[in-house]
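Hello,

Here is the structure I promised to send over. My notes follow below it.

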Amino acid sequence: MMETHSSPDDHPVPDDLSVVFSAAPVPQAEEPAPAAAEPTGWPWFLPQDGLRHEDLVHAIDEDPRDAAESLARIPLVRRAVTLLEHIGSGRPLTSEGELDPADVRALAVAMDLDLGEQEPVSMREIGAIVGPWNSLIAGRWLSASGGEVVPGEGMVPAAARSEDPAAFVRFARAVIVLLVLESLRQGGEEGGLFGGSDTFTALLHTVAPDGLRLPATIRIALDQGLVPADPAGDPDMDEINRYWQAERDLGTLAAYGLLQREPLPDGQAVRYLGTVEVLVEAYGALEMFEELD
């Protein structure tokens, strides 16, 4: 569910926006945990090499049809199109300013979402709907007021890919930029992005052939001796917090449909898979945010 958040000392389930502390077995007494790594300044949970920020602009499709096809594969973009189609000429909103449960269920089917057996209490619990909703509201493609949501003018036309690939590319890129920008404005404590440099460095590694692998939980990272030590020799809480914020941000972006998050079969790690198209727009949003700040 979307709005279950946590602190570094309280991490619930792996498929929401929280970082996970599992009940992984502690090391046996006869096999003490390895000594903690020393801090280096570089994020200890990231590989040492990867795509550079300056490489991004040279790695995207310039042909409008190819670019449109690539962008249409991003779940956030597909879901934004589906949400606009579902709203049509307008839909009623609840007293909380959300789509009613019948609309939420219809959208979950249309977006091919697996909500499990639990019925959602509110639209805000489903990141796959909240992501495109926030972006479409921010970009004025939707206007919510007076107990209903209706189509808006939009900052750029919401063009169909089949009819105008170049216009669709502009629309899709704007949807991505606005979601990341709004999430940065919201901030991590309110359910958005912390947006630290570690997050954006981690994003660069999600486009590696095998994606970015991270320890599934801090408990696992501690047991494997991956967390740097503080001057007293204990696990450095600042380093733990770096992991927590970056992984939480990646989980948020995955819930919104900008990344793919895969728990690995051994339960020891999770993998994030991204695309260059998302990275380009995410960095663009970061630059806008820093200029506005």
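In these notes, a contact means heavy atoms within 4.5 Å. Please keep in mind that this is a predicted model.

Start with Glu98. This residue sits in the loop between β1 (91-92) and α3 (101-110). Glu98 counts as buried because its relative accessibility is 11%, and the cut-off for buried is under 20%. Leaving out residues up to four places away in sequence, Glu98 touches Pro92, Leu93, Ser122, Met123 and Arg124. Two polar contacts are worth a look. The Glu98 side chain meets the side chain of Ser122 at 3.0 Å. The Glu98 side chain also reaches the backbone nitrogen of Met123, at 3.2 Å. Glu98 and Met123 lie 25 residues apart in sequence, yet their C-alpha atoms are 6.3 Å apart.

Next, Arg79, in helix α2 (residues 75-87). Arg79 is buried but has no salt bridge. Asp112 is the nearest side chain of opposite charge, 8.5 Å away. Beyond four places in sequence, Arg79 touches Met111, Leu113, Ala128, Pro132, Ala255, Tyr256 and Gly257.

Last, the core. The largest nonpolar core has 72 residues. Leu83, Leu99, Leu214 and Leu258 touch the most other members. Helix α5 (residues 165-186) gives the most to this core, with 13 residues. Take Leu214 as a case. Again leaving out residues up to four places away, Leu214 has contacts that include Phe45, Leu46, Tyr243, Leu250, Val270 and Tyr272. Glu247 and Gln268 are also among the residues that Leu214 touches.

Best wishes

Terms used: Residues are numbered from 1 along each chain as its sequence is written. This is a predicted model: local features need pLDDT of at least 70, side-chain atom pairs count only at pLDDT 80 or more; totals for chains, interfaces and linings use all residues. Side-chain values use heavy atoms; hydrogens and water are left out. Helices (H or I, at least four residues) and strands (E, at least two) are DSSP runs, numbered from the N terminus. Buried means under 20% relative accessible area, exposed over 50%, partly exposed in between (1.4 Å probe, protein chains only). A polar contact is a pair of N or O atoms within 3.5 Å; within protein, one must be able to donate a hydrogen and the other to accept it, and residues adjacent in sequence count only if both atoms are side-chain atoms. A nonpolar core is a set of buried Ala, Val, Leu, Ile, Met, Phe, Trp, Tyr and Cys residues joined through side-chain atoms within 4.5 Å. Lys and Arg count as positive and Asp and Glu as negative; His and the chain ends are not counted. A salt bridge is a side-chain nitrogen of Lys or Arg within 4 Å of a carboxyl oxygen of Asp or Glu.
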